Amino acid sequence: MLKNFWKNNEHFADLFNAALFNGSQVIKPEDLSEADTDVSSLLKFNNHAETIQRIWDVVKKTAYGVDFVIWGLENQCKIHYAMPFRTMLGDALSYLKEYNEIVARNKHEKDFSSSDEFLSGLKKTDRLHPVISLCVYYGEDEWDGPLSLTDMLCIPEHLTPLVSDYKMNLIQIRNSDSLIFHNNEVHTVFDLSRLIYNKEFDKIQSTYMNQKFDTELSLVIGTITNTKSFINYALQSDSEGGSINMCRAFEEWQEECIQKGVQQGIQTGITQGEIIGTLKTYKKCSFSKDETLKNIITDFSLSEEDARNYMEKYW
């Protein structure tokens, strides 16, 4: 669903312009063309060969005369603690792919002017084209993973200046309110998803309640936020061939949130009651405080701090 949404040139250009250029219209939708998402390659070391597989979610190419830039998009719904490394590997394989193509062409044309050019397969004037990648994180939890290669490394301080770093471009839907979007659908995806995560019922009602969404937009937002009512109404509307008035979907989602909160409150109350009852039982049976503390930590999977708080309040 997300791949299809971002394959649209209008959506793709607006996302990258907002994330990397502060909303300036650097990338034009009409300049974008599809590029191969598969950058898998065969790596050869002496007598050993190994296939490294890497596939981008969406890749576009912008041409500037005879030159071009590759733009790669990675959708991430979960925090990935090796994401800078994955990004570096994907970019490197993209460069390797172009390098191999240039080498194959040069060898076919046999157009080397020196043994040095023949050794590398590249002519002195050959250049690779830049690869710029962006990771979009859709999760509800704040990203607490590394943002660069050095964040993943344990480096002695005196060696830090010697280690080459590799940063990743990351945007989080959770804190994307400062991003400047010009495409209304892209803005809606980020803004409404963020409001849903924050359960800002009043703002959602005043801004979106009576709007009509097409099926794709509703499915994208429903998929990102795991909002079943959005998905159900979108699929129903798609089968009926119309757009969606989100009023009923929002009302159903709000009711789901309220019921979930009630159930969580009930469960919390039950658990607290069980802990208090257990403490009184242990005390009545002349268990020591230390033994009781160990038991309730084990029985209710509590932290030592929470267990001590219960002991101080109810022992």
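Begin by selecting Arg54, Glu74 and Arg86, which are linked in a network of salt bridges; a salt bridge here is a side-chain nitrogen of Lys or Arg within 4 Å of a carboxyl oxygen of Asp or Glu. The model is predicted, so local features need pLDDT of at least 70 and side-chain atom pairs count only at pLDDT 80 or more, while totals for chains, interfaces and linings use all residues. Residues are numbered from 1 along each chain as its sequence is written, and side-chain values use heavy atoms, with hydrogens and water left out.

Display the side chains of Glu74 and Arg54, whose salt bridge has an N to O distance of 3.6 Å. Glu74 lies in strand β5 (residues 67-76) and Arg54 in the loop between β3 (48-52) and β4 (58-64), so this pair ties together parts that are 20 residues apart in sequence. Helices (H or I, at least four residues) and strands (E, at least two) are DSSP runs, numbered from the N terminus. Both Glu74 and Arg54 are buried, where buried means under 20% relative accessible area, exposed over 50%, and partly exposed in between (1.4 Å probe, protein chains only).

The relative accessible area of Glu74 is 5%, whereas that of Arg86 is 23%, which makes Arg86 partly exposed.

Next select Asp36 and Lys97, whose side chains meet in a salt bridge (2.8 Å, N to O). The pair links distant parts of the chain: Asp36 is in the loop between β1 (32-34) and β2 (41-45), and Lys97 is in helix α3 (residues 83-109), 61 residues apart. Asp36 counts as partly exposed at 46% relative accessibility, and Lys97 counts as partly exposed at 26%. In total, the structure holds 8 salt bridges.

**The sheet**

Switch to a cartoon view and follow the strands. Five strands form an open sheet in the order β1-β4-β5-β6-β7, with mixed pairing; two strands pair if DSSP finds at least two bridges between them. The edge strands, β1 and β7 (170-172), each pair on one side only. From one strand to the next the twist averages 25 degrees.

Zoom in on β1 and β4, which pair in the antiparallel sense over 3 bridges. Select Leu32 to find its bridge partner in β4, Thr62.

Then bring α3 back into view: this helix lies across β5 and β6 (131-137) and runs at about 150 degrees to β6. Such angles run from 0 to 180 degrees between N-to-C directions, with axes fitted as lines to C-alpha atoms, for helices over the stretch in contact; contact means heavy atoms within 4.5 Å.

**Helix α5**

Finish with residues 184-198, the 15 residues of helix α5. Among the buried residues are Val186, Phe190, Leu192 and Tyr197. At the start of α5, a side-chain oxygen of Asn183 reaches to within 3.0 Å of the backbone nitrogen of Glu185. Just after the helix, Lys199 takes a positive phi of about 50 degrees.

Terms used:
Expected span 1.5 Å × (residues − 1). Polar contact = N/O pair within 3.5 Å; in protein donor to acceptor, adjacent residues only side chain to side chain.
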